[in-house]
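User: I'd like to learn how to read a few features off a protein model. Can we start with aromatic rings?

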Amino acid sequence: MMDEIDSRLLAAVQANAQITAQELGELLRLSASQAARRRARLEAEGLITGYVARLSPARLGLTVQAFVQVQMAAHSPEAAREFLRLIATLPEVVACWTLTGEADYLLRVWCADLPALNALIHERLLPNPAVARVQSQIVMAQPKADAGLPV
């Protein structure tokens, strides 16, 4: 069972995954060892599933972010498996969701430039026999950065 301290701990870890047990304890008004034990319990219970570093796309030469909707030509389990195998090989695809509605999948992609996005769509996605249609939306700006979950 989560309590208010657990919620505050989760919010703090989302904001700074490198927060030390000492800093966490000060924030939560617990000892460092109590804070560390709580964090370990939340990890063991699966509420904290991992830690990541946020990288700067611009510093990595990635200037185009896009959302790509994919409509499948066939809806068989094998077609889905084949498409997901392809997606797993594409480092530009940083997230993939299955959807209800007209599109079957929504991909979030980062590319170096527009020619790279064009190549991804026309040379990797559309040639796949399971893909019927692709529609992309290029992100112009991101007024709200990716945020943690509400806790």
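This is a predicted model: local features need pLDDT of at least 70, side-chain atom pairs count only at pLDDT 80 or more; totals for chains, interfaces and linings use all residues.

User: How is the pair of Phe-83 and Tyr-105 arranged, by its centres and planes?

Analyst: In general, you describe a pair of aromatic rings by the distance of the centres and the angle of the planes. Here the ring centres of Phe-83 and Tyr-105 are 4.8 Å apart and the planes sit at 40 degrees, so the pair is tilted. Phe-83 belongs to helix α4 (residues 77-88) and Tyr-105 to strand β3, so the pair ties together parts 22 residues apart in sequence.

User: Is Phe-83 buried or exposed? And what about Tyr-105?

Analyst: Buried means under 20% relative accessible area. Phe-83 has 0%, so it's buried, and Tyr-105, at 6%, counts as buried too.

User: Now the strands. Which way do β1 and β3 run?

Analyst: As background, in a regular strand the side chains alternate between the two faces of the sheet. Strand β1 (residues 64-72) runs antiparallel to β3 (residues 105-111), with seven bridges joining them. Phe-67 stands opposite Arg-108 in β3. Seven bridges also join β1 to strand β4 (residues 131-138), again antiparallel, and there Val-70 faces Val-134.

User: How do the axes of α1 and α3 cross?

Analyst: Angles of 65 to 115 degrees count as roughly perpendicular. The axes of α1 (residues 4-15) and α3 (residues 32-44) come within 11 Å and cross at roughly 85 degrees, so these helices are roughly perpendicular. Among the residues that meet are Ile-5 and Leu-9 from α1, and Ala-35 and Leu-42 from α3. By class, that contact has six nonpolar, four charged and no polar residues.

Methods:
Residues are numbered from 1 along each chain as its sequence is written. Side-chain values use heavy atoms; hydrogens and water are left out. Axes are lines fitted to C-alpha atoms, for helices over the stretch in contact, and angles run from 0 to 180 degrees between N-to-C directions. Helices (H or I, at least four residues) and strands (E, at least two) are DSSP runs, numbered from the N terminus. Angles under 35 degrees count as roughly parallel, over 145 as roughly antiparallel, 65 to 115 as roughly perpendicular and the rest as oblique. Contact means heavy atoms within 4.5 Å. Ala, Val, Leu, Ile, Met, Phe, Trp, Tyr, Cys and Pro count as nonpolar, Asp, Glu, Lys and Arg as charged, and the others, Gly among them, as polar. Two strands pair if DSSP finds at least two bridges between them. Rings of Phe, Tyr and Trp (its six-membered ring) pair if their centres lie within 6.5 Å; planes under 30 degrees apart count as stacked, over 60 as edge-to-face and the rest as tilted. Buried means under 20% relative accessible area, exposed over 50%, partly exposed in between (1.4 Å probe, protein chains only).
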